[in-house]
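Thanks for coming. I have one structure for today, so please look at the screen.

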Amino acid sequence: MLNTSDAPRPQRGIMGIILAFVPWILYWSLPAPWGLTGGLAGSALLLARQVGRGKPKLMDGVTLAFFVAAGIMSCGLHSPWFARWEGVLVFAVLAAMALVSLAVRAPFTLQYAREDWPQEFWHEPLFVRTNVHITLAWALAFLYGAGAAAFNTLNPPGIYAPLLTHAGTALGLAFTIIWPAYYPRRTIGRMLRKKERRRPRWPNPDLASWQQIRQIKADENDPPGPGRDSPIPLSLVYKVHPEDRFDVIVIGAGIGGLTAAARLANRGLRVCVLEKHHRPGGYCTSFVRKGYTFDGGVESISGCGPNGPVRLLLEELGLESRIEFRHHGHRLITPDGVIDIPSSYVEFTNLLIDLAPAEEEGIRTLMGELHAAYYQVYQDTPRTGGVPRPPATVDEMLRYPLDHPDFYRAMGYTWGDYLRRRVQDEHIIRILGLLTAYLGDRGLDTPAARMIPLMGYYVDGGVYPVGGSQRLADVLVEAIQEREGEVRLNSPVARILLAEDRAAGVRLEDGSELLAPVVISNADPQQTFLRLVGTGHLPADYVARVKRLRPSPSAFVLYMALERPSGLPERVFVLRDRPLPRDTFGIGSFLLVSNASLDPGMVPPNCGDLTMITLTRLTAEHLNCMARSDYLAFKEQLASIMLDYVEEVAPRIRRHIVHVEAATPRTFYRYTWNSQGCIYGLEPEAGPEGPVWLDRKTPIPGLWLVGASVEPGPGIEGVVISGTYCADEIYAGC
Ligand SMILES: Cc1cc2nc3c(=O)[nH]c(=O)nc-3n(C[C@H](O)[C@H](O)[C@H](O)COP(=O)(O)OP(=O)(O)OC[C@H]3O[C@@H](n4cnc5c(N)ncnc54)[C@H](O)[C@@H]3O)c2cc1C
């Protein structure tokens, strides 16, 4: 059994405050001595109930203390002073309580509001601020009550005296009900508008008009019909053959670019994808050596679960029957031992408990929360266009924590802090930290919100496309071509054409020009802006920001063709405390991939394959400076050291290698032109509320970004989401 956490229960808090007034209402409304008895009994009962639930409240404590003191003063000491001033004292005591709680930064109404929200929300600035306002309102209401009571004491009471005294309390109660419904909405609304204002404000071109204009022939000098402004100057349009005029041009056939292109082609736009390489896919590609098929990068795909974005994309394009995914296993080798991760989530949880039985409760709670959070990420995708979407309206923002409590709770934590809330065992933390390598080299500092979707590897299992990762790129290309789109390979883009300061098309390296009022760049943003657009066309602060962005790590990869099966499970993560003593590259941890058992067609009969992948911070620039002979020597030495590591897991594997080849950051740069050969895009900057990505809408009207460097980041699933966001925004403006 997995433990799950409570969802927030709104309205309990307000009920708590109303209940807190019941003893006072009894005190004020019943005749003496029953009023005091009622107040005392009521407050004692309330406090006893709260103590029983482990949640005693300041106001109820102060109320009980007051009634005890009142009992002593009036029944024990028969104090005439108290009898005269008790009305003032009641409010003065409550006002002091409210003011002191504000002074010590623990507004007393927080205790009630916390009844509605789990602990993770309690320190949210908006939550605390709303309660500061409410407590302040109560302090003023109580002070007013004290003043009104003093006035009534010193003057002959009129018939409206009780009304006057309690008007403040009534207003305080009304404020307590109205303010939490109004103030967070107003604040969130302002925040959303501010966020929207920070985005570039240009509108999408009128694609319906453009679709007519782009068809006019070069010798047809008739201007388009009235009201048909061309988003691209006609002088430029006439220069380009109609076959080379498109609605949308996509630079780069990575999965982000292909997703955006396929989704837009599916909606009837004329799309052209330009890829510099002779194969589509970017890092999601395969190559063949001596009859063995290897993957350039991608070896496992997430987002293929029931509501997963990759699955929903394939379904929408009618491609699901053209690509077969197979589940692969995971083995983990750590200094503490070898673990085969079970395919069932419950068995995986039980395995973790077996490893740290003393932490059973914490592990069950953590795994339950992770399971729930993972489902919450995807629960809306069938009705939000196939991808999870951040809340975009005030209502969505307010509902988000209620509808996605476990995921929301994870936001704001690093992965390490999130895990350690429940589990302290370092071995368990290490196991659950394993998949951080799929997002970069930040390890346990990776934001928890980015790790939750990767739980799919444990819940639904990781999958691999039969035929290699190239298959995914190929079926997307098929979808584009079947919808009258074009995918032109061996077509490096040298320049993004601008006309009247907006995107108008591209110039290829061979000098030919293609036009479109919408250009989507799947190329690395530093290349896009610094080389393809040119800094002179961009605001200086934007250029500075683009230059500041840090590339994610790159990788060393060793591809091994074997004369026999590797004998290893399909995916083996090796976590090491430190590199081998003879390793001059600082490798340490790595991943071993063998696909032949998943798909025997990847290798010649009875043979095997093995790929070793490890992250590195060595840059392509460093390696690009090397003379060819030095670089070849570097690669040879690298391959030898990598083989040393492999042989620690698969002894004497060298003997069975029929072909071996290493890839370095220089290789990854050469094939994709990604900055420094980084494999997970440019890293977002850190902001107070989490990672700040470059906006997919750029400062150049008509120019968009997709891929690993924009929200929600790298990985096939990530770039499918980014391609979908981009396509939807472009299409929404049509
Ligand atoms: C070794 C390795 C292992 C990985 N393992 C996984 C994994 O198991 N699972 C996973 O989900 N992700 C994995 N990733 C990450 C994943 O591959 C990437 O995050 C994702 O594929 C990036 O997609 P993208 O859309 O950003 O484009 P990219 O793949 O970066 O492709 C960009 C494309 O643009 C083209 N291009 C660039 N400039 C131009 C130009 N001027 N003109 C024309 N074309 C141009 C490039 O040639 C390239 O084809 C791995 C990556 C690597 C390298």
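I will go through the overall fold, the cores, the ligand shell and then one tyrosine.

This is a predicted model, where local features need pLDDT of at least 70, side-chain atom pairs count only at pLDDT 80 or more, and totals for chains, interfaces and linings use all residues. Residues are numbered from 1 along each chain as its sequence is written.

Overall shape to begin with. Along the principal axes, the C-alpha atoms fill a box of roughly 105 × 75 × 45 Å. The secondary structure amounts to 27 helices and 21 strands; these are DSSP runs, H or I of at least four residues for helices and E of at least two for strands, numbered from the N terminus. Of the 734 residues, 45% count as buried, that is, with 20 or more other C-beta atoms within 10 Å of their own, C-beta atoms being placed from the backbone.

UniProt, in an unreviewed entry, places the feature "domain: Amine oxidase" at residues 255-730; such annotations may be inferred rather than shown by experiment. That stretch is 36% helix and 20% strand, with its end C-alpha atoms 18 Å apart.

Now the cores. A nonpolar core here is a set of buried Ala, Val, Leu, Ile, Met, Phe, Trp, Tyr and Cys residues joined through C-beta atoms within 7 Å. The largest has 153 residues, and Val 248, Ile 249, Val 271 and Ile 452 have the most contacts inside it. Helix α14, residues 360-378, gives the largest share of this core, nine residues. A second, separate core of 30 residues includes Val 88, Ala 95, Phe 108 and Tyr 112.

Next, the ligand. Where does the shell around the ligand lie? Domain 2 (241-288 + 469-548 + 689-732) and domain 4 (554-677) both contribute residues to the shell, so it lies between them; the bounds come from an automatic or database domain assignment. Of the 40 residues around the ligand, Gly 252, Gly 254, Gly 282, Gly 297 and Gly 707 come nearest, where near means a C-beta atom, placed from the backbone, within 6 Å. Helix α11 supplies the largest share of the shell, three residues.

Last, Tyr 418, which lies in helix α17, residues 415-420. Tyr 418 counts as buried because it has 25 C-beta neighbours inside 10 Å. Leaving aside neighbours within four places in sequence, Tyr 418 is in contact with Ala 410, Tyr 413 and Ala 448, contact meaning C-beta atoms, placed from the backbone, within 7 Å.

Notes: A residue is buried if 20 or more other C-beta atoms lie within 10 Å of its own, exposed if 12 or fewer, and partly exposed in between; C-beta atoms are placed from the backbone. Two residues are in contact if their C-beta atoms, placed from the backbone, lie within 7 Å.
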